[in-house]
Amino acid sequence: MEEEKIVWQGKFVTAKTCGKWEYVSRSRGIRAAVILAIDEEDHVLLVEQYRVPLGRICIELPAGLIGDGEEDEADEVAAARELEEETGYRAARMEVLGEFWSSPGMVTESYSLLRAHGLTKVGPGGGTDSEDITVHRVPLSGITQAVADWRTRGYAIDTKMLLLMAPDMLGGVRR
């Protein structure tokens, strides 16, 4: 394999080449935590926020950076912080489901997927001052229709939403 070269580096993103490949990575080796939060009534917590790279609103699972403010932050700690900050829900326990890569042909970024257990509403959510997040609590049984409705409104749908839609798309049973 040829040598990796940095073409450009910003505070959060680094553009690289390796032979004919062009790709990006997060600067400083930061990863993300993505949270699957399904309450006791089989409703999933989702977030809606404007994404500058897409130029439109996107529907996503709650997520955030691990170690963004504190080095060596545990995945569970970051996920719990982000869940509460974005949705206003606190989890009694976080379960790590594994590490995944978002778009391996173009981005080196990986994320840890965590399942939130024992959800309690403790605040309004909405993210930090620089974020404008709307929280959605959607019944799992209606997720495919909700996504279809958001699409008709021109919203982008994050690829991780496939995790929730797969049973409907594949004709399988949800549980």
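Biologist: Which element of the protein has the lowest mean pLDDT?

Modeller: This is a predicted model, in which local features need pLDDT of at least 70 and side-chain atom pairs count only at pLDDT 80 or more, while totals for chains, interfaces and linings use all residues. Residues are numbered from 1 along each chain as its sequence is written, and side-chain values use heavy atoms, with hydrogens and water left out. pLDDT is the predictor's confidence in each residue, from 0 to 100; helices (H or I, at least four residues) and strands (E, at least two) are DSSP runs, numbered from the N terminus. Strand 11 (residues 156-157) has the highest mean, 98, and the lowest, 79, belongs to helix 3 (residues 162-170).

Biologist: How many bridges are there between strand 1 and strand 2?

Modeller: Two strands pair if DSSP finds at least two bridges between them. Strand 1 and strand 2 form a hairpin with three residues between them. The pairing is antiparallel, and its bridges number five.

Biologist: Which residue takes a positive phi in the hairpin of strand 2 and strand 3?

Modeller: Strand 2 and strand 3 (residues 21-26) run antiparallel and are joined by six bridges. Cys-18 has Trp-21 in strand 3 as its bridge partner. Two residues lie between the strands of this hairpin, and the one with a positive phi near 65 degrees is Gly-19.

Biologist: Which residues form the uncovered face of strand 2?

Modeller: In a regular strand the side chains alternate between the two faces of the sheet. In strand 2 (residues 13-18), the covered face holds Thr-14, Lys-16 and Cys-18, and the uncovered face holds Val-13, Ala-15 and Thr-17.

Definitions and conventions. Buried < 20%, exposed > 50% of the residue type's maximum accessible area, 1.4 Å probe, protein only.
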